[in-house]
Amino acid sequence: MAIVPKRKVSKARRDKRRSNVWKLSVPVLTKCPQCGEYKMPHRVCSSCGYYKGREVVKKDA
């Protein structure tokens, strides 16, 4: 049989417990070795089109 709570959990106590669940994390950014712009790791640089030292996407200068 299920255990029934003895007392009501207040909104403040409930919300304090849930406060850390919904935190957003800031995306990690690294500098592109080719152009120096910030980009997401393991992705093609949006400004120069390079990934791991190779040109993957043609960008007009």
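Tutor: Before we look at single residues of this predicted model, one cut-off is needed: buried means a relative accessible area under 20%, exposed means over 50%, and partly exposed lies in between.

Student: Why does C45 count as buried?

Tutor: The relative accessibility of C45 is 2%, and the cut-off for buried is under 20%, so C45 counts as buried. Across the chain, 8% of the 61 residues count as buried.

Student: How do you know whether the sulfur of C45 is in a bond or too far for one?

Tutor: The closest cysteine sulfur to that of C45 belongs to C48 and is 3.7 Å away, whereas a disulfide needs two cysteine sulfur atoms within 2.5 Å, so the distance is too far for a bond. A search of the whole structure finds 0 disulfides. C35, too, is in no disulfide, with the sulfur of C45 as its nearest cysteine sulfur at 3.7 Å.

Student: Why is Y38 called exposed?

Tutor: The relative accessible area of Y38 is 54%, and exposed means over 50%, so Y38 is exposed. Y38 lies in strand β2 and, neighbours within four places in sequence aside, is in contact with L29, T30 and K31. Its C-alpha atom is separated by 56 Å from that of M1, which lies 37 residues away along the chain.

Student: What is noted about phi in H42 and in K52?

Tutor: Phi of H42 is positive, about 65°, although H42 is not a glycine, and phi of K52, a residue other than glycine, is also positive, near 55°. H42 is placed in the loop between β2 and β3 (50-51), while K52 is placed in the loop between β3 and β4 (54-55).

Student: What makes H42 and K52 count as exposed?

Tutor: The value for H42 is 67% and that for K52 is 70%; since exposed means over 50%, H42 counts as exposed, and therefore K52 does as well.

Student: How many helices and strands does the chain have, and in what order do they run?

Tutor: The chain has 1 helix and 4 strands, in the order α-β-β-β-β from the N terminus.

Student: How do you know whether the chain is spread out or a compact globule?

Tutor: For 61 residues the globule rule gives 10 Å, and the radius of gyration of the chain is 24 Å, well over that value, so the chain is more spread out than a compact globule. Along the principal axes, its C-alpha atoms fill a box of roughly 70 × 25 × 15 Å. Of the contacts between residues at least 6 apart in sequence, 0% join residues at least 24 apart.

Student: What can be said of the surface and the charges of the chain?

Tutor: The chain exposes about 6,300 Å², of which carbon and sulfur atoms supply 56%. There are 17 positive and 4 negative side chains, with the centres of the two sets 23 Å apart.

Conventions:
Residues numbered from 1 in each chain as written. Predicted model: local features only at pLDDT ≥ 70, side-chain atom pairs only at ≥ 80, totals over all residues. Heavy atoms only, no water. Helix = DSSP H or I, 4+ residues; strand = E, 2+ residues; numbered from the N terminus. Rg over C-alpha atoms; globule rule 2.2 N^0.38 Å. Buried < 20%, exposed > 50% of the residue type's maximum accessible area, 1.4 Å probe, protein only. Contact = heavy atoms within 4.5 Å. Areas by Shrake-Rupley, 256 points an atom, 1.4 Å probe, with all protein chains shown as cover. Lys, Arg positive; Asp, Glu negative; His and termini not counted. Charge placed at Lys NZ, Arg CZ, Asp CG, Glu CD.
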